[in-house]
Amino acid sequence: MTLPQKVTLIEQLFHQLEKETAAFQNNTGLSCLSGCGRCCTHPDIEASPLEFLPWAFHLFLNGEAEKMLQVLREIQTATCINYQPLTIVDQGHCKTYKYRGLICLLFGYAANTDKYGKLRLTTCKVIKEGQAVNFASASDKINQGLSVPIFTEYYMQLNQIDFRMGNIIVPVNQALRLALEEVLQYYAYRPLPLSDKECV
């Protein structure tokens, strides 16, 4: 499978997740606070390079991959490099929102299975406390069978696209760096894409 084909499959999977998340939000009333970026500020976010392959490919097509790779090799902070903080505490946004990773898409509106086999909504303190009624209602609805995105299911689907890259779980900036290196290495001895997602 070519790299552009992998990118297309990842984007299709993420589009499916976005539709499922939107339906879940409509059914529960849960939503992120406007401008809130608290979850992005955590220094211990981990991800796989595979989920950032569309981001890396996008930068490559726009001639920005090598410059960003150099930035990532020199960066000292553990906070995601794509997070753009504002002057207000915990306010900010993703500079590359369209190309955010699977962990970013799942967190807040997806569930994990606990040790008792029950689905538990994985979301932030801001939503749990600020939208307590909707959060409790959503948890009840999930236990009654409401469809909710599930972390393990989406990561399993992602891994089927590229098992090697999908099973590397590292700090987010390292995942971004590895995704860029994957794209640059792929095209080191191949013709450059003629246009968006078109290659030999």
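Which element gives the largest share of the lining of the second largest pocket? I looked this up in a predicted model. The answer is α1, with 4 residues.

**Entry: second largest pocket**
I noted about 160 Å³ of space in the second largest pocket. I listed its lining as Glu11, Phe14, His15, Glu18, Pro54, Tyr97, Lys98, Tyr99, Arg100 and Leu105. Sorted by class, this lining has 5 nonpolar, 1 polar and 4 charged residues.

**Entry: largest pocket**
I then turned to the largest pocket, which has a volume of about 1,000 Å³. It is lined by 38 residues, and those closest to its centre are Cys32, Cys39, Cys40, Cys104 and Phe107. I found that α1 (3-28), β3 (92-94), α4 (102-106) and α5 (125-130) are the elements that give two or more residues to this lining. Here too I looked for the main contributor: α1 gives the most, with 4 residues. By class I recorded 21 nonpolar, 12 polar and 5 charged residues in the lining of the largest pocket.

**Entry: nonpolar cores**
The largest nonpolar core has 44 residues, and Trp55, Leu158 and Leu180 have the most contacts inside it. I noted at least two residues of this core from each of α1, α2 (53-61), α3 (65-74), α4, α7 (151-161) and α9 (172-186). The largest share, 8 residues, comes from α9.

I checked Leu180 for contacts, leaving aside its neighbours within four places in sequence. Leu180 is in contact with Trp55, Ala56, Leu59, Ala65, Met68, Leu69 and Leu72.

I also recorded a second, separate core of 12 residues, which includes Tyr109, Leu121, Val126 and Ile127.

Note on methods. Residues numbered from 1 in each chain as written. Predicted model: local features only at pLDDT ≥ 70, side-chain atom pairs only at ≥ 80, totals over all residues. Heavy atoms only, no water. 1 Å grid on protein atoms, 1.4 Å probe; cavity = no way out; pocket = protein on both sides within 12 Å on 5 of 7 lines; lining within 4 Å. Points joined across faces, edges and corners; volume = space filled by probe spheres on them. Nonpolar A, V, L, I, M, F, W, Y, C, P; charged D, E, K, R; others polar. Core = buried A, V, L, I, M, F, W, Y, C linked by side-chain atoms within 4.5 Å. Buried < 20%, exposed > 50% of the residue type's maximum accessible area, 1.4 Å probe, protein only. Contact = heavy atoms within 4.5 Å.
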